Amino acid sequence: MKRIAALTASILLMPAAVLAQQAAAPAAPPVPPTQKVLIHVHSNDPKVWQASLDKADSIMSTAPKGTAVVEILATGDGLKLVNKDLQGQGIVTGSLDKDVSFVACHASMKANHMEISQLHSGVGTVPSGGREKAMKKAEGWTVLDETEAK
């Protein structure tokens, strides 16, 4: 008898559970950022690095959360910015904390005899800096040279 009562109760409650699952609205898809900026750094001048980092930090701090993305591309002498052994302490870390991403050109790294292990933690690589810039432009990114970041 108890088994029949339990079975009857579960059958009666099942439609309510099914309706509750159907009533839950699906999660909204993530909204892609509306402001996408790539800053190309190719100088070994720490003042130029700082100006580029300041520009990236400014973009990220003034844009509403989730609406902007900034990538700093290091090529040639700019690789010194992302080399953990050569850069000033904390220069990259502060920007990484503000959701600015860093990538190093692998072709430039190879030409400069630089290993991936020399990159600051959190810095990625791309096969070619020129290709990265071209792809970002084709995707609608704003591409700035380090001189435009001042």
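**Stop one: a buried charged pair**

Select Glu-71 and Lys-136: both are buried. Keep in mind that you're looking at a predicted model. Show the side chains and you'll see a salt bridge between Glu-71 and Lys-136, with the closest N and O atoms 3.7 Å apart. The two come from distant parts of the chain, since Glu-71 sits in strand E2 and Lys-136 in helix H6, 65 residues apart.

Together, Glu-71, Glu-132 and Lys-136 make a salt-bridge network.

**Stop two: the rest of H6**

Select residues 129–138 for helix H6, where Gly-129, Glu-132 and Lys-136 are buried. Look down the axis: the buried residues fall within an arc of 55°, so they line one face of the helix. They pack against strands E1, E2, E3, E4 and E5.

At the N-terminal end, Ser-128 caps H6, with a side-chain oxygen 3.4 Å from the backbone nitrogen of Gly-130. After the helix comes Gly-140, with a positive phi near 90°.

**Stop three: one more bridge**

Finish with Lys-98 and Asp-57, whose side chains form a salt bridge at 3.7 Å, N to O. Lys-98 is in the loop between helix H4 and E3, and Asp-57 in helix H2, so the pair ties together parts 41 residues apart in sequence. Lys-98 is partly exposed at 42%, while Asp-57 counts as buried at 13%.

Notes:
Residues are numbered from 1 along each chain as its sequence is written. This is a predicted model: local features need pLDDT of at least 70, side-chain atom pairs count only at pLDDT 80 or more; totals for chains, interfaces and linings use all residues. Side-chain values use heavy atoms; hydrogens and water are left out. Buried means under 20% relative accessible area, exposed over 50%, partly exposed in between (1.4 Å probe, protein chains only). Helices (H or I, at least four residues) and strands (E, at least two) are DSSP runs, numbered from the N terminus. The arc is that of the directions from the helix axis to the C-beta atoms. Contact means heavy atoms within 4.5 Å. A polar contact is a pair of N or O atoms within 3.5 Å; within protein, one must be able to donate a hydrogen and the other to accept it, and residues adjacent in sequence count only if both atoms are side-chain atoms. A salt bridge is a side-chain nitrogen of Lys or Arg within 4 Å of a carboxyl oxygen of Asp or Glu.
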